[in-house]
Amino acid sequence: MGSSQSTPEQSTPVQQPTINAELDKPWRKFDWGKKKELKEKLENFSQSHPDVKDIKILVAGQIGAGKSSFINSVDSAFQGRISSRALVNSAASDYSFTKNAGISQVVVMIKVDEACPLVKKDLRKVYTSKKMKEKMELCSAKVGVLKTNIFPVKNYHDEIDTEDDMDVLILKGT
């Protein structure tokens, strides 16, 4: 009888499914080149109702969430340089607020660069990122604010100069 030789099976590498973190086209239309127009629109804003003298804005969130950083980022976008007028108050208290009819509600979703590696690498990917779209949908469902009233933003934190892409997101969310 003959000798039989066995050859070891060659292992075929298992192909891991590629997870596409980016959509083919943006899930929200956004014009990145509108910094000047957005800034002018906000600078020239006037209340249309004659009885309303002041506009009050509530910035709510947990301690350390980035409320003061957002205010400073808005100021930086207007000043054209990094600003830190809003000081952090670590002794602040948490309060509970209820929805009032007739009061517009907007969510500024900050730290988008920390939420999504794709966006951290390129801020302009914020509206093509599947992860950011999912986070916006989750936020809308949990908070009860329409997705059209949720604005993703990256606050100024480590930067020493302002950046147009960050400013456009900040100004759009203001």
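User: Is cysteine 116 buried or exposed?

Analyst: This is a predicted model, and every value below is computed from it. Burial is read from relative accessibility, with under 20% as the cut-off. Cysteine 116 has 2% relative accessibility, so it counts as buried.

User: Where does cysteine 139 stand on that scale, buried or exposed?

Analyst: Cysteine 139 is at 15% relative accessibility, so it too counts as buried.

User: How many disulfides does the structure hold?

Analyst: The general idea: a disulfide is a covalent bond between the sulfur atoms of two cysteines. In this structure the count is 0.

User: Let me step back to the fold. What is the order of elements from the N terminus?

Analyst: The protein has 6 helices and 2 strands. From the N terminus on, they run α-α-β-α-α-α-β-α.

User: What share of the residues is buried?

Analyst: Of the 174 residues, 28% count as buried. The accessible surface comes to about 13,400 Å². Carbon and sulfur atoms hold 51% of that surface.

User: How much of the contact set links residues 24 or more positions apart?

Analyst: Take the contacts with a separation of 6 or more. Residues 24 or more positions apart account for 68% of them.

User: Now helix packing. How do α1 and α6 pack?

Analyst: Two packed helices are described by the angle between their axes and the distance between the axes. Here α1 covers residues 35-43 and α6 covers residues 164-172. Their angle is about 35°, and their axes lie 9 Å apart. The crossing is left-handed.

User: Which residues make the contact?

Analyst: From α1 come Lys35, Leu38, Lys39 and Leu42. From α6 come Asp164, Asp167, Val168, Leu171 and Lys172. By class, the residues of this contact are 4 nonpolar, 5 charged and no polar.

User: Why would contact residues on a helix be spaced like that?

Analyst: An α-helix has 3.6 residues a turn, so residues three or four places apart point the same way. On α1, the contact includes Leu38 and Leu42. On α6, it includes Val168 and Leu171.

User: Which residues of α6 are buried?

Analyst: Met166, Asp167, Val168, Leu169, Ile170 and Leu171 are buried. Their cover includes α1, α2 (67-79) and β2 (150-152).

User: Let me turn to the loops. Where is serine 83, and is serine 83 buried or exposed?

Analyst: Serine 83 is in the loop between α2 and β1 (107-109). Its relative accessibility is 9%, so it counts as buried. Beyond its neighbours within four places in sequence, serine 83 is in contact with Asn72, Asp75 and Ser76.

User: How far apart are serine 83 and tyrosine 156, in sequence and in space?

Analyst: They are 73 residues apart in sequence. C-alpha to C-alpha, they are 9.0 Å apart in space.

User: What about isoleucine 160: buried or exposed?

Analyst: Isoleucine 160 sits in the loop between β2 and α6. Its relative accessible area is 73%, and the cut-off for exposed is over 50%. Isoleucine 160 is therefore exposed. Isoleucine 82 is 78 residues away in sequence, but the two C-alpha atoms are 6.4 Å apart.

User: Last, the backbone. What is phi of lysine 111?

Analyst: Phi of lysine 111 is near 60°. That is a positive value in a residue other than glycine. Lysine 111 is in the loop between β1 and α3 (112-115). At 32% relative accessibility, lysine 111 counts as partly exposed.

Notes:
Residues are numbered from 1 along each chain as its sequence is written. This is a predicted model: local features need pLDDT of at least 70, side-chain atom pairs count only at pLDDT 80 or more; totals for chains, interfaces and linings use all residues. Side-chain values use heavy atoms; hydrogens and water are left out. Axes are lines fitted to C-alpha atoms, for helices over the stretch in contact, and angles run from 0 to 180 degrees between N-to-C directions. Helices (H or I, at least four residues) and strands (E, at least two) are DSSP runs, numbered from the N terminus. A crossing is left-handed if the near helix is turned anticlockwise from the far one by less than a right angle, and right-handed if clockwise. Contact means heavy atoms within 4.5 Å. Ala, Val, Leu, Ile, Met, Phe, Trp, Tyr, Cys and Pro count as nonpolar, Asp, Glu, Lys and Arg as charged, and the others, Gly among them, as polar. Buried means under 20% relative accessible area, exposed over 50%, partly exposed in between (1.4 Å probe, protein chains only). Accessible areas come from the Shrake-Rupley method with a 1.4 Å probe; for residues, only the protein chains shown count as cover. A disulfide is a pair of cysteine sulfur atoms within 2.5 Å.
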